[in-house]
Amino acid sequence: MRFDVVTLFPDMFALVRDQGVTGRAHGQGIWSLHTWNPRDFTHDVHRTVDDRPYGGGPGMVMMAAPLEAAVGAAQAARTQQSLAAAPVILLSPTGRRYDQQAAGELAAGSGAIFICGRYEGVDQRFIERCVTLELSLGDFVLSGGELAALAMVDAAVRLLPGVLNDGASALQDSFNPALDGLLDSPHYTRPEVYEGVAVPAPLLSGHHAHIARWRREQSLTLTAQRRPDLIVQARAAGRLTQADERFLATLANTPRD
Ligand SMILES: C[S@@+](CC[C@H](N)C(=O)[O-])C[C@H]1O[C@@H](n2cnc3c(N)ncnc32)[C@H](O)[C@@H]1O
């Protein structure tokens, strides 16, 4: 798995490349990350990558040529490694909202070439010529695509085999198909009583079926409260058992279709 990132701020990517579980996996060669600075693909003395917008208005726009040359260099490097062609993904608030499903799709491929916009955005002709997909981190505007790319790479890499110490832990996370797309249940660790609050009794029972049922009911409760849309989705996909439905019927705020 190889990610290439076209960015004016390559140092920001040390966060995923060097730190935490993704950093360890990078060191083990499970995935790799390469950055390409558009300034290295300019031909003027000022290494210009942006210019004023046609039609006027505030801010600057990233020029097409340095971005296209950087993408070309990334694609050539990938070809040299005999990697399959990768999607060219522009980070953009106008793109498809990134979610756990998109992270899974990314993790199932051979990687991607991310384009991090800055200023007011990038020249539309570059998008039309080179970009295969636009992804958004959410309905808010960041100063640049770097933080979005970091989050997307992190979410995809932790799904790769061998990245997490306990391979099963990603399966227990919120939104995961193994959790039927529901939210995760609460977690507790030692001490058994903290500031007068005890760990819920089922977790101390040692009875695996009781623990699993308690966790499932906590997931259902939390999801019904905070993300009723996910209950509706799980039901439509046939992922809720009769026991789940009986439990949901006891909740005051049971979401219906
Ligand atoms: C200041 S933003 C430009 C916003 C653009 N003028 C708009 O209103 O859609 C600069 C860059 O940050 C990145 N960016 C901002 N918000 C983002 C988001 N929610 N998801 C992904 N990338 C984002 C994009 O690469 C964008 O080109």
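Trainee: How many helices and strands are there in the protein chain?

Mentor: There are 10 helices and nine strands. Helices (H or I, at least four residues) and strands (E, at least two) are DSSP runs, numbered from the N terminus. Keep in mind that this is a predicted model, where local features need pLDDT of at least 70, side-chain atom pairs count only at pLDDT 80 or more, and totals for chains, interfaces and linings use all residues. Residues are numbered from 1 along each chain as its sequence is written.

Trainee: Thanks! Which domains does the domain assignment give?

Mentor: Domain bounds come from an automatic or database domain assignment. Here they are domain 1 (2-159) and domain 2 (168-253), and their C-alpha centres lie 36 Å apart. The C-alpha atoms of the protein chain fill a box of roughly 70 × 45 × 40 Å along the principal axes.

Trainee: And where does UniProt place the "domain: tRNA methyltransferase TRMD/TRM10-type" feature?

Mentor: UniProt positions are given in the numbering used here, with feature names shortened, and annotations may be inferred rather than shown by experiment. In an unreviewed entry, UniProt places that feature at residues 1-232. Over residues 1-232 the chain is 37% helix and 16% strand, with the end C-alpha atoms 34 Å apart.

Trainee: How should I read "buried", and what share of the residues is buried?

Mentor: A residue is buried if 20 or more other C-beta atoms lie within 10 Å of its own, exposed if 12 or fewer, and partly exposed in between, with C-beta atoms placed from the backbone. Of the 257 residues in the protein chain, 28% are buried.

Trainee: Which strands pair with β1?

Mentor: Two strands pair if DSSP finds at least two bridges between them. Strand β2 (residues 32-36) pairs with β1 in the parallel sense over five bridges, and arginine 2 stands opposite serine 32 in β2. Strand β6 (residues 111-115) also pairs with β1 in the parallel sense, over five bridges; there, aspartate 4 stands opposite isoleucine 113.

Trainee: What share of the contacts joins residues 24 or more positions apart?

Mentor: Two residues are in contact if their C-beta atoms, placed from the backbone, lie within 7 Å. Among contacts with a separation of 6 or more, 76% are between residues 24 or more positions apart.

Trainee: Now the ligand. Which residues come nearest?

Mentor: A residue is near a molecule if its C-beta atom, placed from the backbone, lies within 6 Å of it. Of the 19 residues around the ligand, Leu91, Gly117, Leu142, Gly145 and Ala148 come nearest. Strand β5 (residues 88-97) gives the most to this shell, with four residues.

Trainee: How do the shell residues divide by type?

Mentor: Ala, Val, Leu, Ile, Met, Phe, Trp, Tyr, Cys and Pro count as nonpolar, Asp, Glu, Lys and Arg as charged, and the others, Gly among them, as polar. The shell has eight nonpolar, nine polar and two charged residues.

Trainee: Where does UniProt place the "binding site" feature?

Mentor: The unreviewed UniProt entry puts it at Gly117, Leu137, Gly138, Asp139, Phe140, Val141 and Leu142.

Trainee: Is aspartate 139 buried or exposed?

Mentor: Aspartate 139 is exposed, because 7 other C-beta atoms lie within 10 Å. Valine 141 counts as exposed too, with 7 C-beta neighbours inside 10 Å.
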